[in-house]
Amino acid sequence: MAISLDSGEDLLIICKPDVNAAIEDWIDHLGSERRLAERTLEAYERDVRQFLRFLTSYEGEPVALFHLESLKPKDFRGFLATRRRDGAQTRTLARGLAGIRSFLSFLEERGDVNAAGASAVRTPKLPRSLPKPIPIEEAKAIVSSDLSFEDTPWVETRNAAVFTLLYGCGLRISEALSLTVASAPKAGDKSIRIRGKGNKERIVPVLPVVVEAIEAYKEQCPFDLSANSSLFRGVRGGPLNARMIQLAMQKIRSALGLPDTATPHALRHSFATHLLSEGGDLRSIQELLGHASLSTTQIYTEINSAQLLDAYDKAHPRR
């Protein structure tokens, strides 16, 4: 008889002691060796125990290690189909299969099972989610230093300078915060060199408004800004932590009534989307963003298409 994998049945009683002990060893391994987050460990264990519960519907008894010795691809496909029937989404199914593979690979390394069956199953294809750019007027408001949420004026100016770099140059937050005083844009600069993902270097044009925002911050910053020191500083003088910029964005988001998708990284998406909508060519935008593949950049054309269709749907007289 088929069972629901989301029922309230005690997950511990579906396994023999040898399997429960193996799961504990595996979780300890993931936590100590791979240093996975506590929530990830909990999700992996839950997914594996749901799979073991699924197996009990065939075995008619709690699962022991010998039941796992030679699982076939059909066993995993049946599990995924049952989870899908119970309402699990594709991302949940993919994570679940990843956890099961990890557990079985761990057991295979110990010589307990053969994990080939799980490897032969294709991972559910995840839907491609589109980046969520911030509309132009709201993006302009975010980079403005007119908004006041901080008790210390120079911190407000600093945040505005960081946001201006993200939106004006399309930088990742890690790239902006890695700038030194020497490598930051200065008066007269038309471009700067950025070292991004994979240690790849690219040249990024600099707008005058970006230089102005940085110069305003440097004038107000109370700490010594020597050439090789970090440009952006925390309130105690050390290098600025990205979390502080994320918290600042939360305050702005709340004030402007923006959705949770309005993050610092969304300013980089906005940079690309707004350039494309104003006639920028895809290859140039790829270079500006530092994407290794043009296919990564092409996702912004899908955003433009989606926005056009949405506008058409709202405006067409036959809607």
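## About the model

Residue numbers start from 1 along each chain as its sequence is written. In this predicted model, local features need pLDDT of at least 70 and side-chain atom pairs count only at pLDDT 80 or more, while totals for chains, interfaces and linings use all residues; side-chain values use heavy atoms, without hydrogens or water.

## Helices 6 and 7

Let's start with a helix pair (helices are DSSP runs of H or I, at least four residues, numbered from the N terminus). Helix 6 (residues 136–143) packs against helix 7 (residues 153–169) at about 145°, their axes being 8 Å apart. Axes are lines fitted to C-alpha atoms over the stretch in contact, with angles from 0 to 180 degrees between N-to-C directions.

From helix 6, I136, A139, I142 and V143 meet A160, F163, T164 and Y167 of helix 7 (contact means heavy atoms within 4.5 Å).

## The cavities

On a 1 Å grid over the protein atoms alone, a cavity is a set of points where a 1.4 Å probe fits but cannot get out, and lining residues have an atom within 4 Å of a point. A volume is the space filled by probe spheres set on the points.

The largest cavity has about 60 Å³, and its lining includes I142, A160, F163 and K251. Helix 7 contributes the most to this lining, with 4 residues. The second largest cavity holds about 40 Å³, with D47, R83 and G96 among its lining residues.

Conventions. Helices (H or I, at least four residues) and strands (E, at least two) are DSSP runs, numbered from the N terminus. On a 1 Å grid over the protein atoms alone, a cavity is a set of points where a 1.4 Å probe fits but cannot get out, and a pocket is an open set with protein on both sides within 12 Å along at least five of seven lines; lining residues have an atom within 4 Å of a point.
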